[in-house]
Amino acid sequence: MSDNRKTLAVWKFASCDGCQLSLLDCEDEFLTLADTIRIANFTEASSAVIAGPYDLSLVEGSITTTHDAERIREIRAQSRSLITIGACATAGGIQALRNFADVEEFRRVVYARPDYIETLATSTPIAQHVKVDFELRGCPIDKRQLLEVLSAFVHRRRPVVRADSVCTECKRRGTACVMVAQAQPCMGPVTHSGCGAICPAYGRACYGCFGPMESPNAEALIAGWQRHGTGEPDVVRAFRTFNAGAAAFRNASEKHGA
Amino acid sequence: MADASPPTSPDAATEIAAAFVLPAARLADLVTALRMEGYAVHGPMVRDAAIVLGPLADAVALPHGWTTRQSPGGYRLERRTDAAVFGFTHGADSWKKLLHPPRVRLWSAERQGADFVVHEDAPAPAKLALFGVRGCDLRAIAAQDKVLLHGPYPDAEYAARRAEAFIVAADCAEPSGTCFCVSMGTGPSARAGFDLALAELDPHGDAHRFLVRIGSPRGGAVAAQLDLAPAAGADIAAAAALADIAAANMGRAMDKDAARALLPAQRESAHWQDVAQRCLTCANCTMVCPTCFCTTVEDTSDLSGDIAERWRQWDSCFTFEFSHVVGATVRESASARYRHWITHKLSAWYEQFGESGCVGCGRCITWCPVGIDITAEVAALQDLSQRDPR
Ligand code: SF4
Ligand code: SF4
Ligand code: SF4
Ligand code: SF4
């Protein structure tokens, strides 16, 4: 019997596995997923691996070693389409904090045998190494958005994933703005939508886990926070989290960093 | 400057001669009467450090003794020294969320063999009572009526929610720091478009009561059930005096006629770059604006490919998608986007709908995270054009 399902491979680089787990977390939809897509290589879920090439590769994680940099090229070569998932793969992740520090010194201080550790000085997103067909944001990614992207891929249509601010979702959800009503330094106005504005709905300012939105104006937002009394160290901390390596956030933290 | 015209509604079928008095302790009876009539009553309540609109089970949930302090980009909930129920102005949201909901499914389609069937989502039958609608908001609802009801393409969802909506208006006695309804000719008192209108009197003592004006036959019918005493002339005069005081205490002002002419003339002003430096293009101003009506449509299919859905949700002219056509975004810069927004609100709206698109509620000023102020931007442009008249 011929199997005309599209084949899927899921790959991991420097990351926490949280985004891959979002795929396993699609419990209700998983059977439909397995009917539609042939999961050919997903070692987090099954040790049975089918050799490539693959119709679609989902890539989690950032590039932090020379070995990674080679491996992602091989993966690209055997993937018809390649979609990156999560802040590590799209922006370098929290580990991109090394980009602002001295990795040599880390190696000496942290490890008993520094000579065992082979690592690059930077953590970089996949798109800096190979062509990426679509980048799905989030730390972790949103399960509904993942299903939307997979459905769009299978049915050859454009995924409905907007790049406007978290504020648009926050307002549609009916949350009273925590920046205006509680003077919290919220990242929402410069952050890419997709999570459904979860944090403000629970009374906490947005952390920026989806990275920069389509037209981020970080300087204007920082000026707003400063009027509420946010100091420079807190500004730097806010922009140096999971998407510290994304250009708009990196520029903001460098401008306000010591 | 104050609105001295008598509280009559040109829309109302009956002449509004009578006004009645509702003791504050009996406000609950009004909520109950509406619920008994089958209305889902929605009104203001305290939540998330703000006053927001939500379903009202009873009058207890109303923000008794609360007020707010508002400024550009700032909103603080504060305790009052009295028990006023309507002692605050606009909150974090508007009635738009009930009449023109943020997200609705329009239809779904299902594959059946080689064919497919479409299930249209008929608008949910809604019998809403809006409790505590301000003068500016009555005019905002009228503005959305023009767009979504009386235009060439009436909106079925809006029509279904609007048709039976019962409106209890509430006069403003204390405007906030961002209110400018007097400039826009929309407040501070309810003038037209309500079923009942309340003016709150003496909230600090035992005489706490509401002057009740009737704006429609069904408003009259609900009031009749409450068996209210007619208002004394002194109460009517007291409500009018409060309106005068409110009108004299506006937080802001704007010359709406000047703005209408100014904005198209200042299309090339360098000032737009100045706004662009400050604007986040976050879209909060359009989302909170009670007249902004723009939506976008999203089509999706599920993994199996057997179900497709079309959803409609609030959009904003501050997003890239909004002006995305054939592979590019027309209004790419923040300056172009802010200019489009303010020009539509204050000028182009006249050409389209014969009035201003701004009712002076001040929401966009308060809820802009960085406090960009529509009245200040108009004033700045006016100032520049006078210095460099071209
Ligand atoms: S709480 Fe944050 S995300 Fe929500 S509207 Fe305010 S600034 Fe935007
Ligand atoms: S433009 Fe601003 S002040 Fe005018 S109606 Fe809209 S939100 Fe209110
Ligand atoms: S100002 Fe923008 S969002 Fe509001 S109605 Fe006009 S185009 Fe639509
Ligand atoms: S004017 Fe304010 S609320 Fe509107 S898009 Fe700009 S920053 Fe956001």
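User: In which loop of chain A does Pro140(A) lie?

Analyst: The model is predicted, and what follows is computed from it. The peptide bond from Cys139(A) to Pro140(A) is cis, with omega near 0°. As for its place, Pro140(A) lies in the loop between strand 5 (134-136) and helix 6 of chain A.

User: Where is Pro53(A)?

Analyst: Pro53(A) is joined to Gly52(A) by a cis peptide bond, with omega about 0°. Most peptide bonds are trans. Pro53(A) is found in chain A, in the loop between strand 2 (37-41) and strand 3 (54-60).

User: What is the phi of Arg156(A)?

Analyst: Arg156(A) sits in the loop between helix 6 and helix 7 of chain A. Most residues other than glycine have a negative phi. Arg156(A) is not a glycine, yet its phi is positive, at about 50°.

User: Which element gives the most to the lining of the largest pocket?

Analyst: The largest pocket has a volume of about 900 Å³. Four elements each supply at least two residues of its lining: helix 6 (143-154) and helix 7 (166-173) of chain A, and strand 13 (295-301) and strand 14 (307-314) of chain B. The one that gives the most, with six residues, is helix 6 of chain A.

User: How many residues of that pocket lining are charged?

Analyst: The largest pocket is lined by 31 residues, and nearest its centre lie Arg144(A), Val160(A), Arg103(B), Glu298(B) and Thr300(B). In the lining, eight residues are nonpolar and nine are polar. The number of charged residues is 14.

User: How much area do chain A and chain B bury between them?

Analyst: The size of an interface is often given as the accessible area lost when the parts come together. The contact takes 39 residues from chain A and 44 residues from chain B. In chain A, Arg162(A), Arg172(A) and Val180(A) lose the most area to chain B, together 22% of what that side buries. Of the area buried between the two chains, 56% is on carbon and sulfur atoms, and the area itself is about 3200 Å².

User: Which residue of chain B meets Arg162(A) in a salt bridge?

Analyst: Between chain A and chain B the count is two salt bridges. In the salt bridge of Arg162(A), the N to O distance is 2.8 Å, and the partner side chain is that of Asp315(B).

User: Why are Arg161(B) and Glu157(B) separated by about one helical turn?

Analyst: Over all chains, the structure holds 39 salt bridges. One of them is formed by Arg161(B) with Glu157(B), with the closest N and O atoms 2.8 Å apart. The separation is about one helical turn because these two residues are four residues apart in helix 4 (residues 156-163) of chain B.

User: Which elements give two or more residues to the shell around ligand 2?

Analyst: Ligand 2 is surrounded by 13 residues, the closest being Cys289(B), Cys358(B), Cys361(B), Gly362(B) and Cys364(B). The elements of chain B that give two or more residues to this shell are helix 11 and helix 12 (363-366). By type, the shell around ligand 2 holds nine nonpolar, two polar and two charged residues. The elements asked for are helix 11 and helix 12 of chain B.

User: Which element gives the most to the shell around ligand 3?

Analyst: The residues around ligand 3 include Cys292(B), Cys294(B), Cys317(B), His340(B) and His344(B). By type, the shell around ligand 3 has seven nonpolar, three polar and no charged residues. With four residues, the element that gives the most is helix 11 (residues 334-353) of chain B.

User: How many residues of the shell around ligand 4 are nonpolar?

Analyst: Around ligand 4 there are 13 residues, of which Cys279(B), Leu280(B), Cys282(B), Cys285(B) and Cys368(B) come nearest. Two residues of the shell are polar and none is charged. The number of nonpolar residues is eleven.

Terms used. Residues are numbered from 1 along each chain as its sequence is written. Chains are lettered from A and ligands numbered from 1 in the order in which they are written. This is a predicted model: local features need pLDDT of at least 70, side-chain atom pairs count only at pLDDT 80 or more; totals for chains, interfaces and linings use all residues. Side-chain values use heavy atoms; hydrogens and water are left out. A residue is near a molecule or strand if one of its heavy atoms lies within 4 Å of it. Ala, Val, Leu, Ile, Met, Phe, Trp, Tyr, Cys and Pro count as nonpolar, Asp, Glu, Lys and Arg as charged, and the others, Gly among them, as polar. On a 1 Å grid over the protein atoms alone, a cavity is a set of points where a 1.4 Å probe fits but cannot get out, and a pocket is an open set with protein on both sides within 12 Å along at least five of seven lines; lining residues have an atom within 4 Å of a point. Grid points are joined across faces, edges and corners, and a volume is the space filled by probe spheres set on the points. Contact means heavy atoms within 4.5 Å. Buried area is the accessible area (1.4 Å probe) that two parts lose on being put together, summed over both. A salt bridge is a side-chain nitrogen of Lys or Arg within 4 Å of a carboxyl oxygen of Asp or Glu.
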